[in-house]
Amino acid sequence: MSQYTQPQQPQQPYAPAQAPGTSPARNGLGTAALVLGIIGTVSGLIPFFFWLAGILGLIALILGLAGRGRAKRGEATNKGVTTFGAVLGLVALILSVVGAVLTFKAVDDVVTDINKAVQESSASAKPAAGGEAAAGEGAAGGTEGKDDVLRQGDSAVYDDGLEITVGAPASYTADEFAIGHTKGNSAWTVSVVIENKGKEKFDTSLVSLDARAGKDGVNAEQIYDGTIGEGFTGTVLPGKKITAKYAFDAPADAGHLTVEVAPGFDWDASQWELKL
């Protein structure tokens, strides 16, 4: 039996994975710029997300420009994606600025409206023709002293041009179906005039009247019947006036009636001391 040795096969050299002098494309910056640009642009369209759009837009723009540099040097192959990502980053930045301006303006408008609602318009007294106002040049509202109360025919003049006048009380006979009138009590009517000397129309829907009668200041109920009690309705244009009559129920022995008129939330209430 003969022995022989099989000839050894020559070992084949390993082929290189890639040609010498080449490297894989570095497309990561362009892809990241595109993704961040899309998210940033969408964020810029959502209210109050302008800050996120600004951050993502700036990053996308930087990455996009850097990716274009790689593409020019031949290190990346996604020049179109990179350019689009940079453009979206710039769009997101623009939307961020616009959103910031709109947001700050909206907040400023809300703060202004709140300040207007909190700051009530005060009134000064205007005496009736031939008379003297008890309040002089001071405020017409309040009950801390007699000098803070207006008399019949006097006017409360507000700093926005609104002027309210309450006339002298007159005896009134309520009908049998009247609401708010107690048998044995007296009924009195007062005429209230609102004149708008300002520049904007005045809405009378929030005007309210309250009254107290006698030395004890008991609540004087407002009387409603078929002829009185409707009060003010509608708006008063600049330069116009409106008149309404109100009726109040007071004890028969009451010597005076205190009427308080509140034009609305933005105005101080003013008081008139009326002799019955």
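Is Glu75 buried, partly exposed or exposed? Glu75 is partly exposed, and its relative accessible area is 28%. Keep in mind that you are looking at a predicted model. The protein chain holds three helices and 14 strands, and 36% of its 276 residues count as buried.

**The chain as a whole**

- Among contacts in the protein chain with a separation of 6 or more, 69% are between residues 24 or more positions apart.
- The count of salt bridges comes to five, and several of them are described below.

**Helix 1 and helix 2**

- Helix 1 covers residues 28-44 and helix 2 covers residues 50-72; their axes come within 8 Å and cross at roughly 155°.
- Angles over 145 degrees count as roughly antiparallel, and helix 1 and helix 2 are therefore roughly antiparallel to each other.
- The crossing in which helix 1 passes helix 2 is left-handed.
- On the helix 1 side, the residues that meet helix 2 include Leu29, Ala32, Ala33, Leu36 and Ile39, along with Gly37, Gly40, Ser43 and Gly44.
- On the helix 2 side, the partners include Leu52, Ala53, Leu56, Ile59, Ala60 and Leu63, and also Gly64, Ala66, Gly67 and Arg70.
- Sorted by type, the residues of this contact are twelve nonpolar, six polar and one charged.

**The salt bridge of Arg26 and Glu75**

- Glu75, the residue from the opening question, meets Arg26 in a salt bridge between their side chains, at 3.4 Å from N to O.
- Arg26 sits in the segment before helix 1, while Glu75 sits in the loop between helix 2 and helix 3 (79-118), so this pair ties together parts that are 49 residues apart in sequence.
- Like Glu75, which is partly exposed, Arg26 counts as partly exposed, in its case at 42% relative accessibility.

**Salt bridges among the strands**

- Glu163 and Lys197 form a salt bridge in which the closest N and O atoms are 3.1 Å apart.
- Glu163 belongs to strand 4 (residues 162-166) and Lys197 to the loop between strand 6 (186-196) and strand 7 (202-203), so the pair ties together parts that are 34 residues apart in sequence.
- The two partners fall into separate classes: Glu163 counts as buried at 7% relative accessibility, whereas Lys197 counts as partly exposed at 46%.
- Glu195 forms a salt bridge with Lys241, with the closest N and O atoms 3.9 Å apart.
- Glu195 lies in strand 6 and Lys241 in strand 12 (residues 241-250), so here the pair ties together parts that are 46 residues apart in sequence.
- Lys241 is exposed, and its relative accessible area is 54%.

**Ala252 in its loop**

- Ala252 can be found in the loop between strand 12 and strand 13 (256-262).
- With a relative accessible area of 55%, Ala252 is exposed.
- Leaving aside residues up to four places away in sequence, Ala252 touches Gly184, Asn185 and Ser186.

Definitions and conventions. Residues numbered from 1 in each chain as written. Predicted model: local features only at pLDDT ≥ 70, side-chain atom pairs only at ≥ 80, totals over all residues. Heavy atoms only, no water. Axes fitted to C-alpha atoms, helices over the stretch in contact; angles between N-to-C directions. Helix = DSSP H or I, 4+ residues; strand = E, 2+ residues; numbered from the N terminus. Parallel < 35°, antiparallel > 145°, perpendicular 65-115°, else oblique. Left-handed = near helix turned anticlockwise from the far one by under 90°. Contact = heavy atoms within 4.5 Å. Nonpolar A, V, L, I, M, F, W, Y, C, P; charged D, E, K, R; others polar. Salt bridge = Lys/Arg side-chain N within 4 Å of Asp/Glu carboxyl O. Buried < 20%, exposed > 50% of the residue type's maximum accessible area, 1.4 Å probe, protein only.
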